[in-house]
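Keep the sequence and the 3D view side by side.

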Amino acid sequence: MNRVYNFSAGPSMLPESVLLRAAAEMLDYEGSGQSVMEMSHRSKIYDAIIKGAESLLREVMEIPDNYKVLFLQGGASSQFAMVPLNLMTKNRKADYVLSGQFSTKAYKEAARFGDCKVVASSKEQNFSRIPDLDPKEFRPDADYFHICMNNTIYGTVFHALPETGDVPLVADISSCILSRPIDVSRFGVLYAGAQKNVAPAGLTIVIIREDLIGEPQEKTPTMFMYKTHAESDSMYNTPPCYSIYMCKLVLEWLKNEVGGLKAMEKRNVEKAALLYDFLDRSKLFKGCAEKESRSIMNVTFVTGDKDLDAKFVQEAAAAGFVNLKGHRSVGGMRASIYNAMPREGVEKLVQFMENFEKENA
């Protein structure tokens, strides 16, 4: 069997050792005679799985005790509505930074439920950078301040967080969760779809400060209330059981094989540097994101010729480098180099790009 190097923006690669362990446990999990896919979520054996996943996440991310960890469904996109429904309850105001497509979608959804202000945007630069922030634009009476920390489509990331004072900072961290240490105490809410760095698609992780759970807006559906899930320990209804199990295996890999988030960050920074260093010296390929905003998770680049871009994507796939086609908003190529992408994959991609450049100069 030949494994390809999968540069997909999500669902993405999972660690090979995690996949092998999941395969070994597929028919019989720890002597239970059943697969995690088919066991009751109310059973004692599954209770240990979900509690183990939460405990590991708390340990690896150093989540303070006054934060709840919720394992939900609906993807990060469901949080575009859940956040305002649960947090925009005092002054019905929220501030948003538009740094890409998903933050824009989050803003448009939240605007249905209250007074939302765009405090900064880089749309005019096709989101090639994180916009400059002017604290004078921040509203002190906003119920929360929202950012998308890493922009998957455009390959940008917040290297410095906005100072929002007493206004809770809310962040979509779908494409950078577990890629490096993060000070959870700086945030009111963190949320992420798991399909990039944590687990297969289907699981949504929410980390919320307990004092923000409160009372949601009137007529908020029961399933869209944070308190519903917090009070039920993510067991109000059947959770995405298998994705949570896979999350637990990935967290064990991250802790025991990688050595934690500091070691993971070192790996990721080195991988990204390999690719960015080549792009900076290449005469054919050009990076799309401005240098000061570059993401270490998603690297976007073009040749400047759409036909040549298409040729590169086709030949790369034939050589075992798949899912490199860029999003239609940017064009060109995008290499998503999440946690599970080995350094070897980036090294071989750079070598392939060097050869392609020589052949197509």
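Start with a pair of residues: Cys-148 stands opposite Asp-172 in strand E8. Strands here are DSSP runs of E, at least two residues long, and helices are runs of H or I, at least four residues long, all numbered from the N terminus. This is a predicted model, in which local features need pLDDT of at least 70 and side-chain atom pairs count only at pLDDT 80 or more, while totals for chains, interfaces and linings use all residues. Residues are numbered from 1 along each chain as its sequence is written, and side-chain values use heavy atoms, with hydrogens and water left out.

Strands of a sheet pair through backbone hydrogen bonds, either parallel or antiparallel. Two strands count as paired if DSSP finds at least two bridges between them. E5 and E8 run parallel, joined by four bridges. E5 also pairs with strand E3 (residues 93–98), again in the parallel sense, over two bridges. There, Phe-145 of E5 is the bridge partner of Asp-95.

Now look at the faces of E5. Which residues cover them? Phe-145 and Ile-147 lie on one side, His-146 and Cys-148 on the other, and all are buried. Buried means under 20% relative accessible area, exposed means over 50%, and partly exposed lies in between (1.4 Å probe, protein chains only).

Next come the loops. Phe-127 lies between strand E4 (115–121) and strand E5 (145–148). Its phi is near 55 degrees, a positive value in a residue other than glycine. Phe-127 has 7% relative accessibility, so it counts as buried. Leu-178 sits in the loop between strand E8 (169–172) and strand E9 (189–193). Phi of Leu-178 is near 70 degrees, also positive in a residue other than glycine. At 3% relative accessibility, Leu-178 counts as buried.

Go back towards the start of the chain. A cis peptide bond joins Gly-10 and Pro-11, with omega about -5 degrees. Pro-11 belongs to the loop between strand E1 (5–6) and helix H1 (16–24).

Finish with another sheet. It is open, with three strands in the order E11-E12-E14 and antiparallel pairing. Strand E11 (286–287) and strand E14 (333–336) are at the edges with a single partner strand each, so one side of each has no neighbour in the sheet. Strand E12 (residues 298–302) pairs with E14 over four bridges. Phe-301 stands opposite Met-333 in E14. Helix H7 (residues 261–281) packs on this sheet and touches E11, E12 and E14. Contact means heavy atoms within 4.5 Å. The direction of H7 makes about 20 degrees with that of E12. Such angles run from 0 to 180 degrees between N-to-C directions, and the axes are lines fitted to C-alpha atoms, for helices over the stretch in contact.
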